[in-house]
Amino acid sequence: MMDTTSPCMQQVQEAIRSRRSVRAFLPDAVPQRLIERILESAARAPSGSNIQPWQVIVLTGTAREALCQDIETAALAGEPGQAEYAYYPRQWREPYLARRRTVGWALYGSLGIQRGQTERMAAQHRRNYCFFDAPVGLLFTMDRDMEQGSWLDLGMFAQNVMIAARSFGLDTCAQAAFNPYQHLIVKRLKIPAHRQLIMAMALGYADMAAPENNFPTEREPVHVFARFVDSLP
């Protein structure tokens, strides 16, 4: 029987449970070797036939700043962009709509943003484009001829990045907000045409004094989403 009280198991549990989407970071630099260690750990993620379909672009320094400026300028100019895939359902329904609204209003409430303050909401959304001031921005790409199974593989890899980051005292925020501006990103970073931007991620040290990092996000209890079957008729 597995000992769930062992220090190793407790550390894993803490890394998973303490992961959250951080939306304000300290300016403290993250050493490249530490980023490499996180990615090395994350690369142990499973993938079908071990094909490891993910690629990562690590943005720091002036490269990160220049790309962020390009995207924020486009957003401020009213350029809507064009995402290559739909991240969210095209038609919202319950229970997903209620969950989305709950976390959205929790975020805005932590910042004192009221209903109807659309410009303040838009300004908060634009903070995505500076990686919420995180010193490191990660862009995850994958070859376009990969199928749905590889998207699952990349998701598991990205989760490993987030959990590994926690084990080193760092925080993250997985981001789909960059996707509508993939044309700018592809051009600026000279990403080959056969690769597709899947997601972005902010990486750094959380600013825990920021109110947007201090509201709870609930999770449904196991009995809501799990069905246990031990026999069949």
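This briefing describes salt bridges in the structure above and the exposure of the residues that form them. The model is a predicted one. Nine salt bridges are counted in it, on the rule that a side-chain nitrogen of Lys or Arg lies within 4 Å of a carboxyl oxygen of Asp or Glu.

- Arg33 and Glu36 form a salt bridge through their side chains, with an N to O distance of 3.3 Å.
- Both residues belong to helix H2, which covers residues 32-42. Arg33 and Glu36 are three residues apart, or about one turn of the helix.
- Arg33 has a relative accessibility of 45% and therefore counts as partly exposed.
- Glu36 is likewise classed as partly exposed, because its relative accessibility is 32%.

**A salt bridge between Asp133 and Arg127**

- The side chains of Asp133 and Arg127 meet in a salt bridge of 3.1 Å, N to O.
- Asp133 has a relative accessible area of 38%, so this residue is partly exposed.

**A salt bridge between two strands**

- In the salt bridge of Asp143 with Arg195, the closest N and O atoms are 3.3 Å apart.
- This pair connects distant parts of the chain, since the two residues are 52 residues apart. Asp143 lies in strand S2 (residues 136-143), and Arg195 lies in strand S4 (residues 195-204).
- Asp143 is partly exposed, with 24% relative accessible area, and Arg195 is also partly exposed, at 27% relative accessibility.

Conventions. Residues are numbered from 1 along each chain as its sequence is written. This is a predicted model: local features need pLDDT of at least 70, side-chain atom pairs count only at pLDDT 80 or more; totals for chains, interfaces and linings use all residues. Side-chain values use heavy atoms; hydrogens and water are left out. Helices (H or I, at least four residues) and strands (E, at least two) are DSSP runs, numbered from the N terminus. Buried means under 20% relative accessible area, exposed over 50%, partly exposed in between (1.4 Å probe, protein chains only).
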